[in-house]
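We'll take a walk through the fold, starting with the whole chain and then stopping at a few spots inside it.

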Amino acid sequence: MVKQSNKISTRWIRETRNDFRAFLDETDFPDPQRMGERGPVFKYPEWLIMFIAILSVKLKIKSYVQIHKMAVKYWPVIAQGMDLTPISERQLRERLKKIRHFPGKPAAFIFQLFPELE
């Protein structure tokens with residue numbers, strides 16, 4: 001049996017990222033700057049973590065380690081125009097849990113915004 005690898009085009013990522021950002025801007029989505037009142041300031045914006053979650057659903061990724069590998073692989077497109085190094089696996093896992101995104105049981109916001117990913 002041949003193992004299939006999930007692939008996605010950089011063009012799709014770029015276009016979806018632009019549409020996602022435009023939607024968040026249009027709806028005045030609040031982008032938290034820190035974890036709680038006294039928490040540390042986020043280096044990686046919340047919308048970026050949400051977008052990584054969207055990509056993981058599109059690619060049907062089943063573990064946090066695989067989500068991180070995907071994020072690193074497509075980082076130049078995901079974080080285009082931002083001066084950021086790839087997020088660590090540990091930090092990405094914590095941030096995904098914070099938005100209630102679990103591999104195999106994605107956050108509800110994803111299917112509200114992108115019903116075709118179901």
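What follows goes from the overall layout to single helices, and then to individual side chains and backbone angles.

A bit of housekeeping comes first. This is a predicted model, so to speak of a local feature a pLDDT of at least 70 is needed, and side-chain atom pairs count only at pLDDT 80 or more, while totals for chains, interfaces and linings use all residues. Residues are numbered from 1 along each chain as its sequence is written, and side-chain values use heavy atoms, with hydrogens and water left out.

Start with the big picture. The protein chain has six helices and zero strands, and reading along the sequence gives the pattern α-α-α-α-α-α. Helices here are DSSP runs of H or I with at least four residues, strands are runs of E with at least two, and both are numbered from the N terminus. Of the 118 residues, 39% count as buried; buried means under 20% relative accessible area, exposed means over 50%, and partly exposed is in between, using a 1.4 Å probe and protein chains only. The accessible surface comes to about 7700 Å², with 51% of it belonging to carbon and sulfur atoms. Those areas come from the Shrake-Rupley method with a 1.4 Å probe, and for residues only the protein chains shown count as cover. Now for contacts, meaning heavy atoms within 4.5 Å. Among contacts between residues at least 6 apart in sequence, 69% join residues at least 24 apart.

Next, look at H3. Its buried residues are Tyr64, Ile67, His68, Met70 and Ala71. They cover an arc of only 160° around the axis, which puts them on the same side of H3. The arc is that of the directions from the helix axis to the C-beta atoms. The general rule behind such spacing is that an α-helix has 3.6 residues a turn, so residues three or four places apart point the same way. The face of H3 turned away from its buried side carries the exposed residues Lys69 and Lys73. What lies over the buried residues of H3? The cover includes H2, H4 and H5.

H5 (residues 89-98) has the buried residues Leu92, Arg95 and Leu96. These cover an arc of only 100° around the axis, which puts them on the same side of H5. Helix H2 (46-58) and helix H3 (64-73) are included in what covers them.

Past H5, find histidine 101 in the loop between H5 and helix H6 (108-113). Is histidine 101 buried or exposed? Histidine 101 is buried, with a relative accessible area of 1%. Its side chain joins that of serine 56 in a polar contact of 3.0 Å. A polar contact is a pair of N or O atoms within 3.5 Å; within protein, one must be able to donate a hydrogen and the other to accept it, and residues adjacent in sequence count only if both atoms are side-chain atoms. Not counting residues up to four places away in sequence, histidine 101 also touches others, including Tyr64, Ile67, Leu96 and Ile110.

Over in helix H2 sits phenylalanine 51, which counts as buried at 0% relative accessibility. Leaving aside its neighbours within four places in sequence, phenylalanine 51 is in contact with Ile13, Thr16, Arg17, Phe20 and Ile78. The C-alpha atoms of phenylalanine 51 and isoleucine 13 are separated by 9.4 Å, although the two residues are 38 residues apart along the chain.

Finally, check two backbone angles. Most residues other than glycine have a negative phi. Lysine 60, in the loop between H2 and H3, has a positive phi of about 55° although it is not a glycine, and lysine 60 counts as exposed at 60% relative accessibility. Just after H5, arginine 100 takes a positive phi of about 65°. Arginine 100 is exposed too, with a relative accessible area of 63%.
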